[in-house]
Amino acid sequence: MEHTVSLDLGGKTLTINTGKWAKLAGGSAVVQLGGTVVLVAASAAKNAKLGLDFVPLTVDYRERTYAAGKIPGGFFKREGRPTEKETLSSRLIDRPIRPLFSKQFPYETQIMATVVSSDQENDSDVLALIGASAAMCLSDIPFPEPLAAVRVGRINDAFVVNPSFAELDESDLDMVVAGTADNIIMVEGGCREVPEADLIAALEFAVDHIRRIVDIQHELLRGRQKTKRPLIEKVDVSELESELRATSTERLRAAIRIPGKEMRQEEIDSISADATARLAEKHGDKAVYIGKILHEIERDQLRAMILDEGIRADGRGPDQIRPITVEVGVLPRTHGSCLFTRGETQALVVTTLGTKSDEQRIEELEGQSWKSYMLHYNFPPFSVGEVRPIRGPGRREIGHGALAERSIEPVIPSDSHFPYTIRIVSDILESNGSSSMASVCGGSMALMDAGCPIKAPVAGIAMGLIKEGEKVAVLTDILGVEDHLGDMDFKVTGTRDGVTAFQMDTKIGGISFQVLTHALDRAREGRLFVLDKMAATLASPRTEMSPFAPRIIIITIHPDKIREVIGPGGKIIKRITEETGCQIDIDDSGEVRIASVNMEGGRRAEEMIRNITEDPEPGRVYQGKVRSVVTFGAFIEIVPGRDGLLHISEIDHHRIARTEDVLNVGDMVMVKVIGVDRDGKIRLSRKALLPEPEGAAVGGGSSGGMGGGSMGGGGGGGGRDRDRDRGRDRDRGRRR
């Protein structure tokens with residue numbers, strides 16, 4: 001039976017409907033805010049996959065272009081592979097749901113969120129997460145309790161729940177918080193150097209709204225939940241576990257204290273191999289649990305060592321950061337580069353500066369946009385000593401890259417101040433914890449090495465948590481094993497003045513505000529320590545860019561002149577680019593960007609464009625090309641697409657019988673403008689630039705008329721030689 005619940009959320013109505021759409025799914029819900037509607041369905045396979053040591057959950061978020069009244073581009077005219085937004089939204093839904101699942105439910109489970117309507121005002125990702133919770137709770141899947149999510153912005157020091165896209169443009173905070181009625185499970189977002197105390201206040205604001213959304217889900221579920229499937233009972237392996245704890249605990253306790261990741265893992269693998277050889281035959285089918293039990297023993301020993309002794313796997317204390325080395329300019333031909341190493345995590349980060357034509361076009365439901373700053377993260381298998389095929393960036397790579405990109409974005413200079421397209425690429429060479437934070441640190445350094453005038457360097461640190469009862473340990477700069485066996489992964493990035501991005505995931509029911517506040521304070525201490533290490537290598541952006549980076553000159557022409565610069569079929573602009581080696585981008589507003597590694601070529605292109613767009617004036621001097629020869633002179637192309645007449649009487653001081661005796665088609669010749677008539681026809685002189693012959697009268701004018709009446713009017717040769725650079729705005733808009 002159809003049922004709908006609703007809630008006023010910041011002046012907008014949030015509704016959740018069930019019982020009408022997708023009734024054959026395990027559970028389904030339709031969530032609406034404004035004109036944005038998301039259908040979410042959850043189903044689980046009928047047959048269990050026993051022996052799994054992970055939650056077999058898949059989350060897919062997809063946007064239908066019809067939702068915004070659009071037809072997809074491309075040949076096939078249908079949606080294809082997931083966009084970056086769809087991938088990030090899938091992760092956003094997965095991360096808070098997965099920790100609440102029981103591993104005793106080994107059924108393949110899929111959550112499908114489909115955006116079916118978009119008002120291009122309200123984002124659909126948090127709605128999809130709410131719908132996923134409702135669909136799971138309505139289904140026969142044993143999901144423990146409803147959860148909810150909200151987006152928080154801040155405009156004029158006032159928090160806003162689920163701000164619109166337009167409001168986010170004015171906000172200094174963009175935070176997504178997900179949790180249950182009692183606990184925060186996931187936090188993600190970015191901000192513009194916001195103090196840590198303001199983030200805690202934003203979390204408290206979010207929790208109040210999360211509880212209200214959870215309450216209406218309970219109302220929706222009342223009497224409508226399906227009977228939940230039972231969890232699979234655990235196999236009794238107590239005897240095997242007792243033997244393993246008696247024989248392998250000491251070796252594992254010693255193994256986890258080995259500082260190096262590779263040596264530590266080799267010893268743990270050896271312990272597992274020995275235990276399997278010793279006990280496999282005795283325990284028969286239950287021997288498949290040996291690895292899982294040893295993993296639990298390792299987890300117990302590591303957590304006890306940290307909580308009871310204050311010692312971590314590599315021997316550090318809870319708040320100690322691994323040794324850091326920072327090298328810049330490590331690659332000779334790139335625009336900016338950095339090799340950032342922290343312990344056994346290493347990132348090679350490279351900045352490339354491009355032009356406007358290098359911008360990325362983004363097609364989303366809310367419309368088309370252009371992106372002039374991007375950061376891409378690569379995680380090759382050799383970084384962890386593995387072998388696997390390369391099949392393009394996965395969800396992890398896209399997610400880590402988005403976090404690092406969001407971290408640095410607040411310090412990127414505006415396009416008007418630094419008119420370059422910026423691409424940062426982070427290649428992870430070694431990974432043992434927090435490679436995304438290494439990408440942030442390396443990205444800041446590579447930008448400064450490239451001469452990009454960023455507002456301030458940005459550093460990042462990953463915080464961890466070990467919690468057993470009342471015992472709590474917050475860890476700074478966590479290792480991979482501490483992330484894997486710990487309870488929290490909290491990444492925080494920022495400058496010396498405030499936080500720029502954050503991402504928190506938990507593996508337990510939730511984190512208290514007291515622990516979060518402590519973690520943020522410790523993260524700030526760690527961030528300042530890393531910033532000091534970075535400043536010791538390069539404290540501010542270089543004043544000179546790489547000689548291999550393009551130099552950009554910006555000039556403005558009248559929009560009516562654009563077609564003259566482009567020419568018929570692009571003929572004129574193509575000739576300019578071929579002659580100067582420059583890349584030229586022209587905006588409809590009349591803004592012209594000239595990019596060239598060779599500054600001389602850029603100045604030449606600027607001069608050619610100005611000559612085309614500025615009307616020739618008497619006294620200006622040009623180097624022109626003879627386009628045609630006639631009996632009364634020659635037509636000279638002084639700028640692309642613009643000809644003037646060089647009358648035979650203006651070729652030289654002495655009388656010329658035939659034009660061909662001096663000039664031929666294709667010759668380059670220096671000429672001076674001596675007149676422009678009312679029709680815009682240009683009269684040129686060559687002799688005005690030649691030395692006067694001995695005995696000639698000073699200031700002698702041209703002899704005779706223009707011949708043939710083709711240009712009309714008499715000569716005006718000679719005249720005062722005006723500044724040939726008159727009216728030229730040199731290097732306007734150039735930025736280094």
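Two strands are taken to pair if DSSP finds at least two bridges between them, and strands (E, at least two residues) and helices (H or I, at least four) are DSSP runs numbered from the N terminus. On that basis, an open sheet of three strands has the order S22-S24-S23 with antiparallel pairing. The model is a predicted one, in which local features need pLDDT of at least 70 and side-chain atom pairs count only at pLDDT 80 or more, whereas totals for chains, interfaces and linings use all residues. Residues are numbered from 1 along each chain as its sequence is written, and side-chain values use heavy atoms, with hydrogens and water left out.

**The three-stranded sheet**

- Strand S22 (551-556) and strand S23 (583-586) stand at the edges of this sheet, and each has a single partner strand, so one side of each is left without a neighbour in the sheet.
- Neighbouring strands here are turned by 15° against each other on average, direction ignored, where axes are lines fitted to C-alpha atoms (for helices over the stretch in contact) and angles run from 0 to 180 degrees between N-to-C directions.
- S23 and strand S24 (residues 591-596) run antiparallel and are joined by four bridges; glutamine 583 stands opposite alanine 595 in S24.
- Helix H14 (residues 599-613) packs on the sheet and touches S22, S23 and S24, with a direction that makes about 15° with that of S22; contact here means heavy atoms within 4.5 Å.

**The six-stranded sheet**

- A further open sheet, of six strands, has the order S1-S2-S3-S4-S6-S5, with mixed pairing.
- At its edges stand strand S1 (3-9) and strand S5 (57-63), each with a single partner strand, so one side of each is left without a neighbour in the sheet.
- The twist in this sheet averages 15° from one strand to the next.
- Strand S4 (residues 36-48) and strand S6 (residues 107-117) run antiparallel and are joined by nine bridges, with threonine 114 in S6 as the bridge partner of leucine 39.
- Helix H4 lies across S1 and strand S2 (12-18), and runs at about 165° to S1.

**Nonpolar cores**

- The largest nonpolar core has 148 residues, and those with the most contacts inside it are Ile97, Met175 and Phe490; such a core is a set of buried Ala, Val, Leu, Ile, Met, Phe, Trp, Tyr and Cys residues joined through side-chain atoms within 4.5 Å.
- Buried means under 20% relative accessible area, exposed means over 50%, and partly exposed lies in between (1.4 Å probe, protein chains only).
- A second, separate core of 33 residues includes Ile609, Ile612, Tyr622 and Ile651.
- Leaving aside residues up to four places away in sequence, methionine 175 touches Val150, Arg151, Val152, Val187, Glu188, Gly189, Leu199, Ala202, Leu203 and Phe502.

**Cavities**

- The structure holds three cavities of 30 Å³ or more, a cavity being a set of points, on a 1 Å grid over the protein atoms alone, where a 1.4 Å probe fits but cannot get out.
- About 50 Å³ of space lies in the largest cavity, where grid points are joined across faces, edges and corners and a volume is the space filled by probe spheres set on the points.
- Met175, Val187, Leu199, Leu203, Phe490, Phe502, Met504, Leu516 and Leu520 line the largest cavity, lining residues being those with an atom within 4 Å of a point.
- Two or more residues of that lining come from each of H4, strand S21 (499-506) and helix H11 (513-537).

- S7 and S8 run antiparallel, joined by four bridges, and valine 161 in S8 is the bridge partner of valine 152.
- These two strands form a hairpin with two residues between them, and asparagine 156 in the turn has a positive phi of about 55°.
- Aspartate 157 is found in the loop between strand S7 (148-155) and strand S8 (158-161); this residue has a positive phi of about 65° although it is not a glycine, and at 69% relative accessibility aspartate 157 counts as exposed.
- Aspartate 477, in the loop between strand S19 (471-476) and helix H10 (480-485), has a positive phi near 60°, but at 0% relative accessibility aspartate 477 counts as buried.

Definitions and conventions: 1 Å grid on protein atoms, 1.4 Å probe; cavity = no way out; pocket = protein on both sides within 12 Å on 5 of 7 lines; lining within 4 Å.
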